[in-house]
Amino acid sequence: MILVLNAGSSSLKVEVFDLQLTSVLSGSVTNIGTDGTLKLGKAKADEKTSNHADALTQMLAALEGQGITLNTLTAAAHRVVHGGTILTQPAKVTPEVIRAIEACIQLAPLHNPNNLAAILALDKVAPDL
């Protein structure tokens, strides 16, 4: 299965796809940094998150509750708002790609830092994805 993350300015959206790229489950954490909501499939719960890394931790726990664990994932993809002229097509996340996203923060100051936070948080718990 493939986990796709979209870390916005105050939300984290996820979609899980099977290997045929059929959507299996989607969810979101809203109002990150304050009282928000975690939705996953038909389930919905009030959640308070301090930052995007915390939102990702809570979402991964919710996914695990639905039987989707880090061990069942074969890949992860991140939607990054702006890659400038450097990142113009999909790329494997490497230290160079992370530096390129950092270099473009001024082009998307509300999104790129949060995109990076999700990338780094997932890499910390699942570096092989």
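At what angle do helix α2 and helix α3 pack? That is where I will start. The model is predicted, so local features need pLDDT of at least 70 and side-chain atom pairs count only at pLDDT 80 or more, while totals for chains, interfaces and linings use all residues. Residues are numbered from 1 along each chain as its sequence is written, and side-chain values use heavy atoms, with hydrogens and water left out.

Now the answer. Helix α2 is residues 95-103, helix α3 is residues 112-125, and they pack at about 160° with their axes 9 Å apart. That makes α2 roughly antiparallel to α3. The term applies to angles over 145 degrees; under 35 is roughly parallel, 65 to 115 roughly perpendicular, and the rest oblique. Axes are lines fitted to C-alpha atoms, for helices over the stretch in contact, and angles run from 0 to 180 degrees between N-to-C directions. Helices are DSSP runs of H or I with at least four residues, strands are runs of E with at least two, and both are numbered from the N terminus.

Which residues meet? From α2 there are I98, I101 and E102, and from α3 there are N112, L116, I119 and L120. By class, this contact of α2 with α3 has five nonpolar residues, one polar and one charged. Contact means heavy atoms within 4.5 Å. Nonpolar covers Ala, Val, Leu, Ile, Met, Phe, Trp, Tyr, Cys and Pro; charged covers Asp, Glu, Lys and Arg; the others, Gly among them, are polar.

Next, helix α1, residues 52-65. The axes of α1 and α3 come within 8 Å and cross at roughly 50°. The two helices are therefore oblique to each other. On the α1 side the contact is made by H52, A53, L56 and L60, and on the α3 side by N114, A117, A118, A121, L122 and V125. Those residues of the contact of α1 with α3 divide into eight nonpolar and two polar, with no charged.

Last, the lining of the largest pocket. A pocket is an open set of points on a 1 Å grid over the protein atoms alone, where a 1.4 Å probe fits, with protein on both sides within 12 Å along at least five of seven lines; lining residues have an atom within 4 Å of a point. Strand β6 gives the largest share of this lining, five residues. By class, the lining has 17 nonpolar, six polar and four charged residues.
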